[in-house]
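Dear colleague,

I am passing on the structure below, together with some notes for a first reading. Please look through the model before you turn to the notes.

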Amino acid sequence: MNKISIGFIGYGNMAQAMAKGLIKENVVSPQNIYACARHYDKLVHNAKQLGVVACESAADVVRAADMVIIAVKPYQIEEVVGALAHALIGKIVVSVAAGYTFDKYEKLLPKEVHHISTSPNTPIEVGAGILICENRHNLSEEEYRIFCQIFEPIALIEEADTSQLSIAGTICGCTPAYTAMYMEALADAAVKHGLTRQAAYRMVAQMIYGTGKLYLETETHPGIMKDRVCSPNGTTIKGVASLERDGFRGAVISAIDAAESKE
Ligand SMILES: NC(=O)c1ccc[n+]([C@@H]2O[C@H](COP(=O)([O-])OP(=O)(O)OC[C@H]3O[C@@H](n4cnc5c(N)ncnc54)[C@H](OP(=O)(O)O)[C@@H]3O)[C@@H](O)[C@H]2O)c1
């Protein structure tokens with residue numbers, strides 16, 4: 001895998017997070033990663049951080065790369081990718097642009113271009129991301145195998161129907177912000193009760209990581225995980241009752257509703 005070359009068209013927050021994850025997990029070496037952006041000076045500065053190759057144009061990226069990752073904003077795709085359409089034939093094209101699905105690419109690109117639409121989240125930077133993939137794509141079996149080999153070391157790959165991409169993207173892409181708010185709130189409470197801020201953040205982060213890992217490794221129902229730490233008349237169940245009184249679950253569901261309403 002170390003020999004495959006990856007090109008990023010657009011080298012902003014998400015592309016850099018993906019590049020960091022791929023390099024950190026030794027999936028691709030930095031000299032096999034090519035990137036372009038609108039502002040070349042800024043690109044050169046960002047590329048230097050990881051040692052990836054800064055290209056002057058998207059056409060240069062496409063020439064150099066076996067796999068081309070489209071990482072510009074969705075409204076920029078027609079302008080940027082449309083101009084390269086024929087050059088993408090023979091490449092594995094991976095889009096991370098939110099809402100730019102298989103059908104939209106089929107209208108934009110020649111039939112011979114093999115592409116898949118995905119939605120990653122920022123923890124991909126540390127090899128613990130989620131990559132939602134539209135289950136409609138036209139990669140060959142071999143190309144899809146390569147795609148999985150590249151991304152499995154840095155993300156959980158989850159396929160979703162086109163109609164589910166939006167909610168899956170919200171659940172995976174927006175909730176790092178909500179979880180960070182939960183981390184802050186827990187740390188505020190911990191500091192209020194005497195812990196240092198740094199110790200509180202370390203404990204909270206490991207608790208969230210560990211709870212997720214416990215589910216992934218054992219598939220224990222979340223209700224059972226909760227029940228296991230709630231002893232009769234104990235302290236935890238008092239906190240659970242307090243969260244219920246304050247509408248914790250309802251507040252979480254409303255936050256997802258708000259994100260999905262896209263207003
Ligand atoms: N951030 C997330 O959590 C997240 C999650 C899921 C999906 N996504 C998707 O990832 C994509 C990128 O998002 P982002 O947050 O990384 O945005 P971003 O930080 O604004 O990055 C956009 C990149 O596109 C470049 N660009 C703009 N016009 C270009 C052009 N004509 N040619 C080449 N490059 C050009 C920008 O260059 P300059 O900086 O020089 O202008 C920048 O490097 C979006 O489609 C978004 O839907 C993001």
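In the protein chain, residues 24 or more positions apart account for 63% of the contacts with a separation of 6 or more. Please keep in mind throughout that this is a predicted model. The secondary structure of the chain comes to eleven helices and eight strands, and the C-alpha trace spans about 65 × 40 × 35 Å along its principal axes. Of the 263 residues in the chain, 29% are buried.

As a general matter, nonpolar side chains in soluble globular proteins tend to be buried together. Here the largest nonpolar core has 56 residues, and those that touch the most other members are Ile9, Ala35, Val61, Ile69 and Ile70. Helix 1, residues 13-24, supplies the largest share of this core, with six residues.

Two packed helices are described by the angle between their axes and the distance between the axes. The axes of helix 7 (residues 165-192) and helix 11 (residues 248-261) come within 10 Å and cross at roughly 120 degrees, which means that helix 7 is oblique to helix 11. The crossing of helix 7 and helix 11 is right-handed. On the side of helix 7 the contact is made by Ser166, Ile167, Thr170, Cys174 and Tyr178, which meet Ala255, Ile256, Ala259 and Glu260 in helix 11. Sorted by kind, the residues of this contact are six nonpolar, two polar and one charged.

Finally, there are two backbone details to check. Most residues other than glycine have a negative phi. Asn26, although it is not a glycine, has a positive phi of about 60 degrees, and Asn26 lies in the loop between helix 1 and strand 2 (33-36). Is Asn26 buried or exposed? Asn26 has 10 other C-beta atoms within 10 Å, and so it is exposed, given that the cut-off for an exposed residue is 12 or fewer. Asn233 likewise has a positive phi of about 60 degrees without being a glycine, and its place is in the loop between helix 9 (222-228) and helix 10 (235-245). With 7 other C-beta atoms within 10 Å, Asn233 is exposed.

With best regards

Terms used. Residues numbered from 1 in each chain as written. Predicted model: local features only at pLDDT ≥ 70, side-chain atom pairs only at ≥ 80, totals over all residues. Axes fitted to C-alpha atoms, helices over the stretch in contact; angles between N-to-C directions. Helix = DSSP H or I, 4+ residues; strand = E, 2+ residues; numbered from the N terminus. Parallel < 35°, antiparallel > 145°, perpendicular 65-115°, else oblique. Left-handed = near helix turned anticlockwise from the far one by under 90°. Contact = placed C-beta atoms within 7 Å. Nonpolar A, V, L, I, M, F, W, Y, C, P; charged D, E, K, R; others polar. Core = buried A, V, L, I, M, F, W, Y, C linked by C-beta atoms within 7 Å. Buried ≥ 20, exposed ≤ 12 C-beta atoms within 10 Å, placed from the backbone.
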